[in-house]
Amino acid sequence: MKRLIFALLLLLFSIPACLAVDTPDEMLPDPALEQKAQQIGQQLRCLVCQNESIEESSAPLAKDLRHIVRLQLQQGRSPKDIEAWMVQRYGEFIRLRPSFSAVTALLWLMPILSLMVALLLVRRLWHRSASAPAPLTPEEHRILDSLLKKD
Amino acid sequence: MTLTRRHLLAALPALGAAGLGVGFVRMLHGLNQGHFDPRAINTPLTGRPVPDFPALPPLSDTPSSPPGLTRGDFQNIKQPILLFIWASWCLPCVEEIPFIRHLATSLAIPQSSHTAPLALWGLCYKDHPTQAAHWLEQAGHPFTRLGMDREGQAAIDWGVTGVPETFLIMPDPQTGGRIVWHGTGSLTDTLYQAHIHPQLETVP
């Protein structure tokens, strides 16, 4: 059992390594810059296998794009510049985290909106249960009395 | 029976489902007609000038081989250009051969006066010259210009995500060529009639 847990733990810790590039020679010699490259790459969609980032994908195009990210970082370009370069060629779709715009506003604000709706509903339910029921009308009193007298 | 709030609330999901149904039917119809492709990637280059890309060498230095491809070649074009991005190793590109062959031969005979003469250019993506030459042989040497993109860097500048892809470029003296249509996947006669042919008729 202990051995199994250990193996599972090892597996858990090996996952981040799988996210890295295909071969070590793709990586930059400077570890800080390489980490920056991976952070950028994880935000860029691989356009061949569309639910993976270019850091995770082993498609040739993802490899080329990884190479471009690293090349441009070495040239001293900022992550923002590199993302803009990618968007110019492949459109907003390449961003795994869409930028905030008129089109994506609903998407980004949805958590806040749904929380507000939920709070409103909770408030309404709360008030309904708290308020006392309306008092009986004279007619209802009469019916109640007659029912009680039956017994 | 009177219409109560409860009835209206019950109708809401039904109306929603009906709306979705109509949407799905329209999507399926578009899929059949070639207007809608769920796998098509947003093509930001459509409507924009031809991008800058590194100059691409020809297939070989022999005089029979068509010249290579550079950004400058688009600067002074007088006719619409259909640019094919292809590779001999890609199966859809092999499937595309009969159509390209047919298109090249039909363009060689004089066109009716109201459509602009179309030129076919090629960009060969990450391919070996010998295999590319074999593909060209089978397609009947359709291209008047052909650039060899060995490293695939020029294709990235064009926003290419996979071969085959096709661009329709219109002459535009101000910007030096404007992209009016970008298709992903094999070009078929259906797609050609739906997207490319109408564009050619608008050219004076």
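Helix α1 of chain B, residues 5-33, has 29 residues and reaches 42 Å from its first C-alpha to its last, close to the 42 Å expected at 1.5 Å a residue. That expectation is 1.5 Å times one less than the number of residues in the helix. Helices here are DSSP runs of H or I with at least four residues, strands are runs of E with at least two, and both are numbered from the N terminus.

Welcome to a predicted model, in which local features need pLDDT of at least 70, side-chain atom pairs count only at pLDDT 80 or more, and totals for chains, interfaces and linings use all residues. Residues are numbered from 1 along each chain as its sequence is written, while chains are lettered from A and ligands numbered from 1 in the order in which they are written.

**Chain A**

- Chain A has six helices and zero strands, and its pattern along the sequence reads α-α-α-α-α-α.
- Of its 151 residues, 16% count as buried; a residue is buried if 20 or more other C-beta atoms lie within 10 Å of its own, exposed if 12 or fewer, and partly exposed in between, with C-beta atoms placed from the backbone.
- Among the contacts in chain A with a separation of 6 or more, 42% come from residues 24 or more positions apart; two residues are in contact if their C-beta atoms, placed from the backbone, lie within 7 Å.
- Helix α6 of chain A, residues 138-150, has 13 residues and reaches 19 Å from its first C-alpha to its last, close to the 18 Å expected at 1.5 Å a residue.
- The number of buried residues in α6(A) is zero of 13, so this helix lies largely in the open.
- In an unreviewed entry, UniProt lists residues 100-122 of chain A as "transmembrane region"; UniProt positions are given in the numbering used here, feature names are shortened, and annotations may be inferred rather than shown by experiment.
- The end C-alpha atoms of residues 100-122 of chain A lie 30 Å apart, and the span is 78% helix and 0% strand.

**Where the chains meet**

- The contact takes 11 residues from chain A and 10 residues from chain B.
- On the side of chain A that touches chain B, α3 (60-74) and α4 (79-90) of chain A each supply at least two residues.
- The residues on that side of chain A divide into six nonpolar, two polar and three charged; Ala, Val, Leu, Ile, Met, Phe, Trp, Tyr, Cys and Pro count as nonpolar, Asp, Glu, Lys and Arg as charged, and the others, Gly among them, as polar.

**Domains and the opening helix of chain B**

- The domain assignment of chain B gives domain 1 (1-36) and domain 2 (71-202), with bounds that come from an automatic or database domain assignment.
- The C-alpha centres of these two domains of chain B lie 41 Å apart.
- Of the 29 residues of α1(B), the number buried is zero, so α1(B) lies largely in the open.

**Nonpolar cores**

- The largest nonpolar core has 37 residues, and those with the most contacts inside it are Leu83(B), Ile85(B) and Leu123(B); such a core is a set of buried Ala, Val, Leu, Ile, Met, Phe, Trp, Tyr and Cys residues joined through C-beta atoms within 7 Å.
- Elements of chain B that give two or more residues to this core include β1 (81-86), α2 (91-108) and β2 (119-125), and β1(B) gives the most, with six residues.
- Leu83(B) touches Trp121(B), Leu123(B), Thr166(B), Phe167(B) and Ile169(B), not counting residues up to four places away in sequence.
- Apart from this core lies another, of 15 residues, among them Ile54(A), Ala62(A), Ile82(A) and Met86(A).

**The loop between α4 and β4 of chain B**

- Thr161(B) lies in the loop between α4 (153-157) and β4 (165-170) of chain B, and it counts as buried because it has 23 C-beta neighbours inside 10 Å.
- Val160(B) has its place in that loop and is buried, with 25 other C-beta atoms within 10 Å.
- Not counting residues up to four places away in sequence, Val160(B) touches Ile85(B), Ala155(B) and Glu165(B).
- Pro164(B) also lies in this loop, and a cis peptide bond with omega of about -5° joins Val163(B) and Pro164(B).

**Backbone points to check**

- Most residues other than glycine have a negative phi, and most peptide bonds are trans.
- Lys126(B), in the loop between β2 and α3 of chain B, has a positive phi near 45° and is partly exposed, with 17 other C-beta atoms within 10 Å.
- His141(B), in the loop between α3 and β3 of chain B, has a positive phi of about 45° and is partly exposed, with 15 other C-beta atoms within 10 Å.
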